[in-house]
Amino acid sequence: MAGKRKVAFQTTLTFIRCRAAYQHALDDRGWLPKIAPGGQKLWEQQFVCYRCGALRIDQRLRSTRKLTSRWYELPDGYPGTMTQDEALTILMADNQERAYDEWMQGRAVA
Ligand SMILES: [Zn+2]
């Protein structure tokens with residue numbers, strides 16, 4: 001069981017690296033033609049983070065290439081409320097797993 005928890009924590013650490021200074025490491029998955037509900041022609045560009053698996057989706061008007069919307073689909077367990085400073089604190093800790101547990105406890109209280 002301890003081994004299973006360790007593997008799960010390795011996944012959590014990849015999320016924390018994205019929350020810290022690194023940002024998402026985005027890879028371009030290409031363009032898809034789309035039609036908006038109002039009938040406007042769009043291009044949708046998808047990016048995937050090769051570290052954590054997060055997906056960023058941008059939609060642009062085909063006529064002007066203007067960005068009309070952007071959203072993220074984050075993997076389960078991604079700590080979306082963790083600040084960059086909190087992420088760095090965990091990455092720099094001697095015991096990263098304990099530092100993460102302490103952050104989680106702080107979230108439960110707050
Ligand atoms: Zn990422």
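A residue is termed buried if 20 or more other C-beta atoms lie within 10 Å of its own, exposed if 12 or fewer, and partly exposed in between, with C-beta atoms placed from the backbone. By this criterion aspartate 76 is exposed, because 7 C-beta neighbours lie inside 10 Å. The model is predicted: local features need pLDDT of at least 70, side-chain atom pairs count only at pLDDT 80 or more, and totals for chains, interfaces and linings use all residues. Residues are numbered from 1 along each chain as its sequence is written.

The secondary structure comprises three helices and four strands. Helices (H or I, at least four residues) and strands (E, at least two) are DSSP runs, numbered from the N terminus. The order of elements from the N terminus is α-β-β-β-β-α-α. The radius of gyration is 18 Å, well over the 13 Å that the globule rule gives for 110 residues, so the protein is more spread out than a compact globule. Here the radius of gyration is taken over C-alpha atoms, and the globule rule is 2.2 Å times the number of residues to the power 0.38. Along the principal axes, the C-alpha atoms fill a box of roughly 50 × 30 × 25 Å. Of the 110 residues, 12% count as buried. Two residues are in contact if their C-beta atoms, placed from the backbone, lie within 7 Å. Among contacts between residues at least 6 apart in sequence, 40% join residues at least 24 apart.

The four strands form an open sheet with the order β1-β2-β3-β4 and antiparallel pairing. The edge strands are β1 (26–35) and β4, each pairing on one side only. Neighbouring strands of this sheet are turned by 20° against each other on average, direction ignored. Axes for this angle are lines fitted to C-alpha atoms, for helices over the stretch in contact, and angles run from 0 to 180 degrees between N-to-C directions. Two strands count as paired if DSSP finds at least two bridges between them. In general, strands of a sheet pair through backbone hydrogen bonds, either parallel or antiparallel.

Each pairing was examined in turn. Nine bridges link β1 and β2 in the antiparallel sense. Aspartate 27 has valine 48 of β2 as its bridge partner. Strands β2 (residues 41–49) and β3 (residues 55–61) run antiparallel and share seven bridges. Tryptophan 43 is bridged to arginine 60 in β3. A hairpin is formed by β2 and β3, with five residues between them. In its turn, glycine 53 has a positive phi of about 90°. Six bridges join β3 to β4 (residues 67–73), again with an antiparallel run. Aspartate 58 is bridged to arginine 70 in β4. These two strands also form a hairpin, with five residues between them.

Positive phi values also occur outside glycine. Arginine 65, in the loop between β3 and β4, has phi near 65°. Arginine 65 is exposed, because its C-beta neighbours inside 10 Å number 8. Glutamine 23 likewise has a positive phi, near 65°. Glutamine 23 sits in the loop between α1 and β1. With 12 other C-beta atoms within 10 Å, glutamine 23 is exposed.

The largest nonpolar core has 11 residues: Phe15, Ile16, Cys18, Cys49, Cys52, Ala54, Tyr78, Met82, Ala87, Ile90 and Tyr100. Such a core is a set of buried Ala, Val, Leu, Ile, Met, Phe, Trp, Tyr and Cys residues joined through C-beta atoms within 7 Å. Helices α1 (2–22) and α2 (84–92) each supply at least two residues of this core. The largest share, three residues, comes from α1. Tyrosine 100 touches Thr12 and Ile90, not counting residues up to four places away in sequence.

Two further positions were located. Methionine 104 lies in helix α3 (residues 96–109). Methionine 104 is exposed, with 12 other C-beta atoms within 10 Å. From methionine 104 to methionine 82 the C-alpha distance is 9.6 Å, across 22 residues in sequence. Aspartate 76 belongs to the loop between β4 and α2. The C-alpha atoms of aspartate 76 and glutamine 59 are separated by 24 Å, with the two residues 17 apart along the chain.
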